[in-house]
Amino acid sequence: MYLKSILLQGFRNLPDLSLTLHPRFSVLVGENAQGKTNIIEGIYLFSFGKSFRVPDYRDLIAWGQGQSFIRSWVHNDIGEEERQVRLTREKKTFYKNDKPVSPNQFLSIPMVLFSPEAILLLKESPQARRDYIDNFISKCLAPYGDRLKQYKRALAQRNKILKDEFLAEAEKEEQAKLWEKPMREHGIYLIEERKRWLERLNRRLVENYTQVAGAGKKAGFVYQPNVAPAEFEERQAACRSEEMEKGMSLVGPHRDDFQASLDDLPVKYFGSQGENRTFTLALKLAEISLFEETLGFSPVLLLDDVVSELDERRSEFFFSRLKSFSGQVFATATSLHLFPKSCLRECRSWQINQGHANPIYDSAGGQTGA
Ligand SMILES: Nc1ncnc2c1ncn2[C@@H]1O[C@H](COP(=O)(O)OP(=O)(O)OP(=O)(O)O)[C@@H](O)[C@H]1O
Ligand SMILES: [Mg+2]
């Protein structure tokens, strides 16, 4: 599965940018603040449906404009498909072949992002880590996304009741109880799948970390479930009165977390900068191999500014892995020369300048422009 082309209109500083992409390497080069990361952010929307830099999608719409339009032709095993994302001040809508579809139907292209922001995953709120893991599992296991949606619906309904100031206590309790069973039913599924996929991810993470760091610390992305399936019902009953007081549900996988650790100590508190970076790199590489094994094809890699992020040892490890990677890669850098020659053998590249793209190199046709 790969993106054949991308069109971004009224998106960030890109007024109207259209690229015919290479199935292997597409490289965006340019000086600072020209729009390279904005293009990566636009491509990221096709997998995650949101930005990796801003919480509010409205910030992606070009300043002073009312809407953004992002389109891609996607090549998959059954042929080609047109996908669009339209952003207006009111809503964000996804389309497949011109028909509006739900996010679950749309966000099926697996992508892995390497960027200076990716390191924040270890430090940000638990929500960011849950979203990351949920997105990963949804792409590997078709029913997961739907079960997650149903769980979130039951949770939202229950929270609405818990917050309702006009309901009498007894009635509030009765109504809140009605949503506890569906929360357990879908919640236990989520907890068990998170546990199972985390175990698989961790096996690869440990190996990668040892190889990149070359040292003996044991890495783990440790699942910290809020509740064990066997105790779910009992905890719901025990916490109900506190939940009625606080106006929110306190028990369930919506309060799970995942902790990055080295030798059982949290990386975000005790890890050095280098350890945080190495951990993120090892985790992302683990994600790639698990995607490949599960799906039978490679995810799309988004490498934003990775060359400047990696020291010599990490860079060597990373590019040696990239050599055997057969999927599509998008990369940004300030210069094409920062990439190893092996990556440029099958590549198309552009110079990005104030939101516009000029072709500079095409491996099929050699030098094409400036
Ligand atoms: N909503 C928006 N509308 C218009 N311009 C925007 C919007 N959001 C951001 N920009 C502008 O886009 C410019 C380019 O940003 P981008 O992050 O893509 O740069 P870059 O080429 O990746 O640079 P660097 O090499 O420094 O990472 C920024 O200078 C910013 O002012
Ligand atoms: Mg950038």
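**View 1. G42 is a buried residue in a predicted model**. G42 counts as buried because 25 other C-beta atoms lie within 10 Å. The cut-offs: buried is 20 or more other C-beta atoms within 10 Å of a residue's own, exposed is 12 or fewer, and partly exposed is in between, with C-beta atoms placed from the backbone. G42 sits in helix 1, residues 36-48. Helices here are DSSP runs of H or I with at least four residues, strands are runs of E with at least two, and both are numbered from the N terminus. Beyond its neighbours within four places in sequence, G42 is in contact (C-beta atoms, placed from the backbone, within 7 Å) with I6, L8, F11 and I70. I70 is 28 residues away along the chain, yet the two C-alpha atoms are 7.1 Å apart.

Residues are numbered from 1 along each chain as its sequence is written. Local features need pLDDT of at least 70 in this predicted model.

**View 2. Q259 is partly exposed**. Q259 has 18 C-beta neighbours inside 10 Å. Its place is strand 10, residues 257-262. Leaving aside neighbours within four places in sequence, Q259 is in contact with V222, Q224 and P266.

**View 3. A282 belongs to the residues with the most contacts inside the largest nonpolar core**. This core has 89 residues. A nonpolar core joins buried Ala, Val, Leu, Ile, Met, Phe, Trp, Tyr and Cys residues through C-beta atoms within 7 Å. Helix 6, residues 180-213, gives the most to this core: ten residues. Leaving aside neighbours within four places in sequence, A282 is in contact with L205, N208, Y209, V212 and A219.

Definitions and conventions. Chains lettered and ligands numbered in written order. Predicted model: local features only at pLDDT ≥ 70, side-chain atom pairs only at ≥ 80, totals over all residues. Contact = placed C-beta atoms within 7 Å.
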